[in-house]
Amino acid sequence: MGIIVEHVSKRFDNFQAVDQINLEIKTGSLVALLGPSGSGKSTLLRLIAGLELPDSGRILLTGRDATYQSVQERNIGFVFQHYALFKHLTVRKNIAFGLEINKAPKAKIKARVSELLELVQLAGLGDRYPSQLSGGQRQRVALARALAVEPKVLLLDEPFGALDAKVRKDLRIWLRRLHDEVHVTTVFVTHDQEEAMEVADEIVVMNQGKVEQVGTPAEIYDHPASAFVMSFIGPVNVLPSDSKIFAGNGFESPHPEVFVRPQDVVIEIQPGESTVPARVNRLIHLGWEIQAELALDDGQVVTAHLTRDRYDLLKIQPQQRVYVRPKEAKAFPIFYSI
């Protein structure tokens with residue numbers, strides 16, 4: 001048993017940050033709390049850590065009620081976005097800090113620090129100071145320090161938010177591999193959909209203090225539970241349900257809006273069954289795929305994604321007349337704007 005959140009709410013003055021959340025995180029899993037700013041994800045993480053107390057509800061860690069336990073009693077490792085390393089201490093001393101506070105034997109501290117330096121791929125840098133490291137290296141030191149005391153749970157609050165795109169990408173791969181080695185129950189906060197999809201076993205999508213959906217990356221993307229989830233996870237075209245693009249495609253909907261992923265917009269050179277005419281406004285080369293911005297005759301703009309092979313076959317050009325149809329579409333009763 002990992003983390004159980006039962007009917008937890010938290011308000012700051014007139015702002016309801018977290019509203020009646022129920023959530024179960026399995027032991028040994030790597031879970032992302034994903035949502036826009038103000039969705040409650042960081043507040044929920046701080047409630048699990050004990051840095052905030054809930055107004056109502058309770059939190060169980062490994063089967064025990066930890067709602068009113070102190071941070072120290074919960075045995076949780078916490079990693080912040082901006083590292084929070086001690087500038088005057090070496091890498092080795094930073095990692096050893098928690099063990100020294102807990103008065104662990106010196107031999108154990110030395111062995112544990114050496115083990116962690118190897119684990120986070122910083123062996124040989126133990127005597128450097130944080131200022132002598134890159135941002136990615138500093139974040140790995142922060143993770144090693146959090147793991148040093150062998151926490152039951154590891155919490156990461158936007159751990160890669162302060163890093164550039166290339167370093168973020170590298171550290172995401174590294175974090176996934178690290179988790180597969182240590183298997184500590186890990187929860188990380190992010191607003192980056194790609195980061196959550198790439199790293200997490202499960203994603204908790206949050207909006208306005210509530211949980212919209214919990215599922216694997218594939219479940220969240222392929223079977224979104226709401227308009228908000230579909231709009232927030234990956235690119236999407238939002239079109240009126242009476243758009244001519246849906247005529248004859250079996251996508252009639254009683255709801256005002258229909259959602260179509262760009263990869264589900266099919267482009268043809270010749271008119272065909274259930275296609276509608278469009279003009280190619282712009283082509284954007286993204287390396288592994290081509291993004292086509294298309295204008296329908298009624299003025300609506302639709303984005304389509306083509307593989308390189310499909311693009312090379314069609315050989316479409318800007319301002320060219322093409323014909324499009326949706327391969328798949330979804331509709332929801334209510335649309336929550338982001």
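Reply: What follows looks at one proline and then at the protein around it. The model is a predicted one. The residue is Pro224, which sits in the loop that links α8 (217-222) with α9 (227-232).

Is Pro224 buried or exposed? Its relative accessible area is 9%, and since buried means under 20%, Pro224 counts as buried.

Which residues does Pro224 touch, once its neighbours within four places in sequence are set aside? The contacts are Gln213, Glu219, Val229, Met230, Lys330 and Phe332. Of these residues, Glu219 falls within the range of α8 (217-222), while Val229 and Met230 fall within that of α9 (227-232). A further position can be given for scale: His191 is 33 residues from Pro224 along the chain, and 17 Å separates their C-alpha atoms.

Now the whole protein. It has 338 residues, and 50% of them are buried. Its secondary structure consists of ten helices and 18 strands. Along the principal axes, the C-alpha atoms fill a box of roughly 75 × 45 × 30 Å. When contacts between residues at least 6 apart in sequence are considered, 66% join residues at least 24 apart.

As for the surface, the accessible area of the protein is about 16,400 Å², and carbon and sulfur atoms account for 51% of that. The protein carries 39 positive and 41 negative charges, and the mean positions of these two sets lie 8 Å apart.

Note on methods: Residues are numbered from 1 along each chain as its sequence is written. This is a predicted model: local features need pLDDT of at least 70, side-chain atom pairs count only at pLDDT 80 or more; totals for chains, interfaces and linings use all residues. Side-chain values use heavy atoms; hydrogens and water are left out. Helices (H or I, at least four residues) and strands (E, at least two) are DSSP runs, numbered from the N terminus. Buried means under 20% relative accessible area, exposed over 50%, partly exposed in between (1.4 Å probe, protein chains only). Contact means heavy atoms within 4.5 Å. Accessible areas come from the Shrake-Rupley method with a 1.4 Å probe; for residues, only the protein chains shown count as cover. Lys and Arg count as positive and Asp and Glu as negative; His and the chain ends are not counted. The place of a charge is taken as NZ of Lys, CZ of Arg, CG of Asp or CD of Glu.
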